[in-house]
Amino acid sequence: MILRLAAREIKNHPRFSFFFVLSVLLGLLGLTAIESFKGVVQTNLQSRSKELLGADLELSSRFALEDRHVKIVEQYFEDATHLSSLDIFSMTSFNGASRLIQVRAQENGYPFYGKLLLRSNTQYPGDATPLADNEAWIYPELATQLNIKIGDELPIGEAVFKVVDIVERDIQQSMQTGAIAPRVYLSMDGVKRGELIKFGSTVGYKVGFKFPEGVQIDKDKDLLDRIKKSFDSTVRISTPSSEEDQVGRTLAYLGDFLGLVSLVALFLASVGILYLFQAHLRHKAADFATLHAIGMERGKLVRFMLYHLSLLSMFGTVSSITFGLILMGPLKSLAFQFLPIEIDNLFSFKPFVLVLLVGIASPLFLSIPLILKASYLATRKNAQKVPVLAWAAWPLFFAILSFYVSKSFLVAGAFLGGIIIFLLVLIPLLRLCLNFISKVKVKNINLRHALLRSSRTWAATLSIFLAVFYCSLVFNLIPQLRTNLENEISVANPNVRPSIFLFDVQDDQVEDLKVFSSQSNLPLTNISPMVRARLVSINDEKYEIDTDQKLTREEERNARFRNRGMNLSYASQLNASEKLVEGREFSGVYQDESMESPAEISIEQRFATRLGLNIGDILEFEILGMPIKGKVVNFRSVRWTTFMPNFFIVFQEGILNDAPKTFLATFGQLSSQLKDKLQVDLFKKFPNVSAVDIGRVIERIVV
Amino acid sequence: MSQALLVMALLSVIVGLMVIGFIINHQMLTREKDMALEKMLGLSTRSMMSRLRFEFIGILFIASGLGVIGSLLMSYLLSVVLFDGLWAFDPILPTLSFVMIMLVGVSIVEVLGRKAIATEAAVLFRDAD
């Protein structure tokens, strides 16, 4: 009977019902679209995780993988078959322009899962003819940028390769480097023919394994853990589910952040719902008192109000889910820029449960104190106070939701902190102002009336004020942040910012490069050595994080940050983009010939904070198996957006000078014509050196 | 990325503006009887409209102005944390958002205000919402 009464209440107050449902609908729309989109992407990635990895298990490393690595896996899976592949950055030149490319070579038949779709309507592996050592398949971006057609010959490394096909779809396309370095497929023999691998070249080596039917390594965590422990930290072990995580990560970050922005809409809608419902209950106060007078108990009154509210919330939520599904189309096209796979219409149940829960629980938590208050009033128990817990329920719910959506204590904390700080400042300030203006005597009667009305209906005034305030804040904040970002990376001190960034410069090429620079009259700057190393210990304590457990976004970032190899450099002093923050400068050149005493090191300040380092700490590194110790003597700040070669860890001169290394360097400000010419000339003279056009990178970031 | 962010921000703005509309509309509804009474007592439509403008446009003006200032403050703080204090002030952006919010807000007040004032005095004898 109470449910029927609640349903009739909706019919009796169509205007209120309409506004309430519309508030829930619009408040949830952003969250529905983002969460259901994230769900569909996740389902798609899960269903195609083997194709994304290309194997059942993959070993990858910056160092060449050997037979002993393969044998470790074969100990656990005797019937496993394996094939290798490698990735390397290189340059190519065509039609008077040159581009950075990512070369991928793989043994015939690899990947085991997933296929390359070629323009000739063939598939690899499948009916496509395998690449000969003088043939290449290229990505369409490269074909467009350099105007390359099938049959053209491309110089890569020390050899020339004939373009025999164009890759139309590649499920294993790289999301990070795709736009900056389009991929070119060569055969393994082609890589040898082009002499692409030199000392210090940035090569990614991979070995993929295919297991007999029915073996699913992701399900046997203990076995996977044992395999992982059999390798040192230079070898990364990927499974279909870890690859799915890797591919989904970029989109997950975007989704988490957009989800948080969508919570602003939910917050604003909640302000509206609170006000609407409060006004409705005030209007219904006499009816509730009458119902109680003719025998309806307080509990039934509360239930009646709760049913009414839940029914309205349900309508709003279901409408929001329907509209959210319509928004999936544009979101899918957005995902296409990030994902190597086409998004199929796979249904994901989880996001709808979340939206349903939020859509019903949020208005309920928001309204429970109002309902209790109304029931006390109707049953003439005005003196009874609403429990504090009832008022605290919605803020608590919203805080948990913020964390769940952003998956980050830091981001959710900043978001909630921003809202709370403004509320704490604005509400008392506005009450004070309203009290003050109620006492102000003005001659204009209309103005006087308006001021009095605003101060007497202070709750309504506050609601309107806060809704407009947050609306204006969000409207202006996001474009303002975008302006800051653009300004930081594209406008700031263009005279310091280089035009071309070089990497993979070999030790014996540095002098030739200097000669090339002075002959061409082009400003070669910031020649910086780079030594690959592994951080072993800090103050004799082992430095490692277990990535198998469930981690937050911050913990995930921290684990990846700790477990990867590090690039060291050495210098005599700070460069133009660095500033000493704490400690002292280097004392000069390292003198200890036995190399037993620690050398002086300078650490970037944020890196030092993440590692919890202090001045005087001793860090032990391993460079190709050789231990090197360093003592922190200073912290420095770095302006990374100057695009100059910078490092987290810089040693003093003298200790790393003889270590195996490559060099980074930059060319200063150049006109676009000079830049194009330089890249072509560089490629002719130094085919192994990779050059990044910084202008193109900036364009990619700010768009 | 920035386009996706702008779309989400736009959604928040649409919701915000709708919520402002709902609240003002509800305010007008709760004042229907008062307005009808004022009309019966001889208050001109112009005076009634002028009161509504003073009240709502005043709130809109101060709140959107403070919102813009708050967003500049937040973007400054974020630039200190994220970009080593490099903060770019572009006067066009805050002015544009302020003007846009004011325009939409004033339109809502004008439309809903006129509708509420046009209510017949018979509403005084009606017992419904």
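## Backbone features, helix packing and nonpolar cores

In chain A, A:N121 is located in the loop that connects β4 with β5. The structure described here is a predicted model. Although A:N121 is not a glycine, its phi is positive, at about 65 degrees. A:N121 is classed as exposed because 10 other C-beta atoms lie within 10 Å, and a residue counts as exposed at 12 or fewer.

A:M595 belongs to the loop between β16 (578–583) and β17 (599–604) of chain A. Its surroundings contain 14 C-beta neighbours inside 10 Å, so A:M595 is regarded as partly exposed; that class covers counts between the limit of 12 or fewer for exposed residues and that of 20 or more for buried ones.

| Cis peptide bond | Omega | Loop holding the proline |
|---|---|---|
| A:Y110 to A:P111 | near 5 degrees | between β3 (97–106) and β4 (116–118) |
| A:Y124 to A:P125 | about -10 degrees | between β5 (123–124) and β6 (135–138) |

Attention now turns to the helices. The angle between the axes and the distance between them describe how two helices pack. For helix α13 (residues 409–439) and helix α14 (residues 445–456), both of chain A, the angle is about 145 degrees and the axes are 8 Å apart. Their crossing is left-handed. On the α13(A) side, the contact is formed by A:L434, A:N435, A:I437 and A:S438, while α14(A) supplies A:L451, A:L452, A:S454 and A:S455. Sorted by class, the contact of α13(A) with α14(A) comprises four nonpolar and four polar residues, and no charged ones.

The final topic is the nonpolar interior. In soluble globular proteins, nonpolar side chains tend to be buried together. The largest nonpolar core in this model consists of 102 residues. Helix α2 (residues 14–47) of chain A provides the largest share of the core, 17 residues. Another core, of 72 residues, lies apart from the largest one, and its members include A:L116, A:L118, A:Y185 and A:F586.

Key: Residues are numbered from 1 along each chain as its sequence is written. Chains are lettered from A and ligands numbered from 1 in the order in which they are written. This is a predicted model: local features need pLDDT of at least 70, side-chain atom pairs count only at pLDDT 80 or more; totals for chains, interfaces and linings use all residues. Helices (H or I, at least four residues) and strands (E, at least two) are DSSP runs, numbered from the N terminus. Axes are lines fitted to C-alpha atoms, for helices over the stretch in contact, and angles run from 0 to 180 degrees between N-to-C directions. A crossing is left-handed if the near helix is turned anticlockwise from the far one by less than a right angle, and right-handed if clockwise. Two residues are in contact if their C-beta atoms, placed from the backbone, lie within 7 Å. Ala, Val, Leu, Ile, Met, Phe, Trp, Tyr, Cys and Pro count as nonpolar, Asp, Glu, Lys and Arg as charged, and the others, Gly among them, as polar. A nonpolar core is a set of buried Ala, Val, Leu, Ile, Met, Phe, Trp, Tyr and Cys residues joined through C-beta atoms within 7 Å.
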